[in-house]
Amino acid sequence: MASPEQPVLELHGVNKSFGAVHVLHDVDLAVYPGQVTALVGDNGAGKSTLIKCIAGIHAADSGQIRFNGSPVSIGSPRDAAQLGIEIVYQDLALADNLDVTQNMFLGREITSGPVLDEATMERKARETLTRLSVRTLSSVRQLVASLSGGQRQTVAIAKAVLWDSKVVILDEPTAALGVAQTRQVLDLVRRLAETGHGVILVSHNMNDVLEVADRIAVLYLGRIAAEVEAAEVTQNQVVELITSGRSGELGLAAHNGANL
Amino acid sequence: MAAETGTGPGAQPATEKREPGPDEILTARDLLGRGLNGIPVLIVLVVALSLATDSFLTLNNLDNLARQMSIYAIIAMGQLLVILTRGIDLSVGSVVGLSGVIAAITVFETSGGLPVVWAVVLALLVSAAVGAVNGLLVAVLKMPPFIVTLGFMGIARGLTLLLSGGRTVQPLPEEFSAIANGSILGITNLFWVTLVVLVVLSFALHRTVWGRYVYAVGSSPESARLAGVPVNAVQISVFTLSGLLAGVAGVLLASRLSNGVPTAGTSYELDAIAACVIGGASLFGARGTALGAFLGALIVGILNNGGTLLGIDPFYLQIAIGALILVAVAMDQLQAIRARNRPDPDPEQGPGADPPGAEAAAR
């Protein structure tokens with residue numbers, strides 16, 4: 001594993017406005033290989049905007065993004081994919097009428113000459129699932145429509161790591177899942193980190209976050225209120241950071257506190 | 001979808017050894033359902049007609065049947081491409097007329113001058129252009145396919161009537177009539193063209209990236225876009241091909257009749273949609289095969305042919321074909337409902353606790 005001192009992805013002073021609305025204020029964020037960085041915050045705090053800036057869907061207005069230490073510009077989802085940044089959307093973006101292998105390779109099919117190379121794609125799909133120790137799919141030729149919610153999430157995550165990706169962004173991966181399926185997906189998130197990926201986990205669920213995250217970054221009204229080691233905070237502290245931007249020593253300086 | 005890879009020895013369980021679960025058995029049934037729905041109906045029809053008439057299984061009648069069904073099958077296979085992407089192409093019937101009249105006028109005007117091949121090329125270019133404009137309006141302006149192609153249904157028919165002055169274009173030279181009325185190895189050229197279209201489209205749909213994208217766009221345009229599929233280009237391509245194939249059918253029809261008939265092809269778009277649906281295509285997209293559309297056209301052709309042989313009132317035949325469409329779609333829905341009530345395939349989950357999957361299966 002690479003030294004945890006060197007983040008795979010760094011954001012410095014990222015700003016983003018939509019018209020008059022200043023959504024992100026000087027956001028700094030570091031994502032380390034082999035670690036799960038949870039990104040938490042209330043609705044409207046800017047989580048979605050931030051990951052869309054990283055994924056190349058929005059362009060940041062100012063600020064710098066560094067990848068493996070060198071500055072990069074991410075202007076489109078394709079740029080992000082070329083760097084090795086993959087995003088798993090909340091609605092998963094899978095095609096129901098295609099099977100598992102077809103979905104994993106959609107948009108990046110392997111061909112031999114003009115013809116699809118089904119055998120190679122099937123083998124690679126199986127290898128990727130094995131690497132992630134996925135045991136919940138009986139066949140890589142099952143139609144995605146026939147899969148359960150947890151299995152669909154698994155396919156979407158496997159699709160993201162198929163291409164030697166370095167950073168995987170997961171947007172609310174357990175939002176629609178039952179208890180057992182949440183368990184499977186969280187295990188999978190841990191395994192992503194163990195296989196050396198830098199993982200960004202966007203989630204509302206504090207139990208999930210405290211269970212799998214190594215580090216927690218809290219967004220409060222578009223600012224990073226705190227970036228802390230998960231082991232050093234309690235659930236109450238994180239909730240306070242999310243709802244008020246500060247908790248004891250942690251967090252943003254109180255706006256009205258300066259006068260006291 | 002690629003039946004060969006779906007049921008072949010390559011489709012072993014991914015990461016563990018298990019008995020083939022209910023999902024694998026259902027996959028086989030799904031594959032039969034997708035595209036080959038029509039085969040049982042077809043077998044029943046052929047057996048029944050062979051027993052009921054002396055004339056059905058004669059070379060002469062089969063040749064007749066091939067001539068009758070080929071033009072419908074070609075249009076239906078073009079229509080299928082559009083239906084696979086969740087679209088519909090109502091303009092194909094009018095394009096059949098336009099293409100036929102353009103080819104007829106070109107050979108008529110230049111009789112003895114320009115070779116027939118130029119007439120055919122011109123007719124096909126115009127047909128493909130109509131399809132391409134349909135596709136552009138749908139893909140770029142995001143207009144509903146139903147409305148766009150309804151517009152071009154009127155525009156193409158009007159152009160056809162203007163060009164021909166509302167009159168049938170004739171007589172046409174022998175070389176032009178020979179296109180559709182000739183035969184190779186005792187099989188009519190019409191049927192050879194149909195077979196070529198069937199083979200090429202089946203290959204393209206199941207073995208090329210383009211085909212994969214057609215099904216992906218029909219399955220979920222938004223997911224396809226996020227995965228990097230050029231959705232607009234795919235939509236333009238299917239409408240262009242639908243127009244082109246309607247143009248091929250128009251040239252063949254004009255050649256077969258040795259006439260450029262301005263009203264030719266009227267309501268063929270509905271016959272083409274019917275053939276696709278009978279052949280297992282879903283108007284919700286991403287389900288159906290070129291073979292299915294071909295078989296659908298064949299079933300309708302055999303019904304009409306058999307009805308004539310048995311002396312059945314053609315009005316009854318219309319009712320029968322209408323009922324067949326309803327039965328085909330009802331079977332499809334029943335399958336979807338059965339799939340929804342199937343136990344959860346996730347081994348670590350109890351049956352039934354599966355909201356997203358069930359929603360998806362029901363579509």
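In the predicted model, Met77(B) is in contact with Val197(B), Leu198(B), Leu201(B), Leu245(B), Ala290(B), Ala293(B) and Phe294(B), when residues up to four places away in sequence are left out of the count. Met77(B) also belongs to the largest nonpolar core, which comprises 182 residues. Within this core, the residues with the most contacts are Met77(B), Ala76(B) and Ile75(B), together with Leu201(A) and Val218(A). In soluble globular proteins, nonpolar side chains tend to be buried together.

Two of the partners of Met77(B), Val197(B) and Leu201(B), are among the buried residues of helix 9 of chain B. The 19 residues of this helix, 189-207, should span 27 Å at 1.5 Å a residue, and the separation of 27 Å between its end C-alpha atoms agrees with that expectation. Its buried residues are Leu190(B), Val193(B), Thr194(B), Val197(B), Leu201(B), Leu205(B) and His206(B). Because these residues cover an arc of only 160° around the axis, they fall on the same side of helix 9 of chain B. An α-helix has 3.6 residues a turn, so residues three or four places apart point the same way. On the other side of helix 9 of chain B, the exposed residues include Val196(B), Val199(B) and Val200(B). The buried residues of helix 9 pack against several elements of chain B, namely helix 4 (59-84), helix 8 (174-181), strand 2 (187-188), helix 10 (209-219), helix 12 (231-257) and helix 14 (290-310).

Chain B as a whole contains 16 helices and two strands. Of its 363 residues, 48% are buried. Among contacts in chain B with a separation of 6 or more, 79% are between residues 24 or more positions apart. Helix 4 of chain B, one of the elements against which helix 9 packs, also contains Leu62(B). Leu62(B) is classed as partly exposed because 15 other C-beta atoms lie within 10 Å, a count between the limits of 12 or fewer for exposed and 20 or more for buried. The C-alpha atom of Leu62(B) is separated by 34 Å from that of Arg86(B), which is 24 residues away along the chain.

Several local backbone features occur in loops. In chain B, Gln170(B) and Pro171(B) are joined by a cis peptide bond, with omega about 0°. Pro171(B) is situated in the loop between helix 7 (145-164) and helix 8 of chain B. Leu185(B), although not a glycine, has a positive phi of about 55°, and its position is in the loop between strand 1 (183-184) and strand 2 of chain B. Leu185(B) counts as exposed because it has 5 C-beta neighbours inside 10 Å.

A positive phi is also found in chain A, where that of Leu221(A), a residue other than glycine, is near 45°. Leu221(A) is located in the loop between strand 11 (215-220) and strand 12 (223-229) of chain A. With 15 other C-beta atoms within 10 Å, Leu221(A) is partly exposed.

For chain A, an unreviewed UniProt entry lists residues 9-246 as "domain: ABC transporter". This span is 34% helix and 29% strand, and its end C-alpha atoms lie 25 Å apart. The mean pLDDT of chain A is 84, with 95% of its residues reaching 70 or more. Over residues 256-260 of chain A, however, the pLDDT is below 50, and this stretch has one contact in the model beyond near neighbours in sequence.

Definitions and conventions: Residues are numbered from 1 along each chain as its sequence is written. Chains are lettered from A and ligands numbered from 1 in the order in which they are written. This is a predicted model: local features need pLDDT of at least 70, side-chain atom pairs count only at pLDDT 80 or more; totals for chains, interfaces and linings use all residues. Helices (H or I, at least four residues) and strands (E, at least two) are DSSP runs, numbered from the N terminus. The expected span of a helix is 1.5 Å times one less than its number of residues. The arc is that of the directions from the helix axis to the C-beta atoms. Two residues are in contact if their C-beta atoms, placed from the backbone, lie within 7 Å. A nonpolar core is a set of buried Ala, Val, Leu, Ile, Met, Phe, Trp, Tyr and Cys residues joined through C-beta atoms within 7 Å. UniProt positions are given in the numbering used here, feature names are shortened, and annotations may be inferred rather than shown by experiment. pLDDT is the predictor's confidence in each residue, from 0 to 100.
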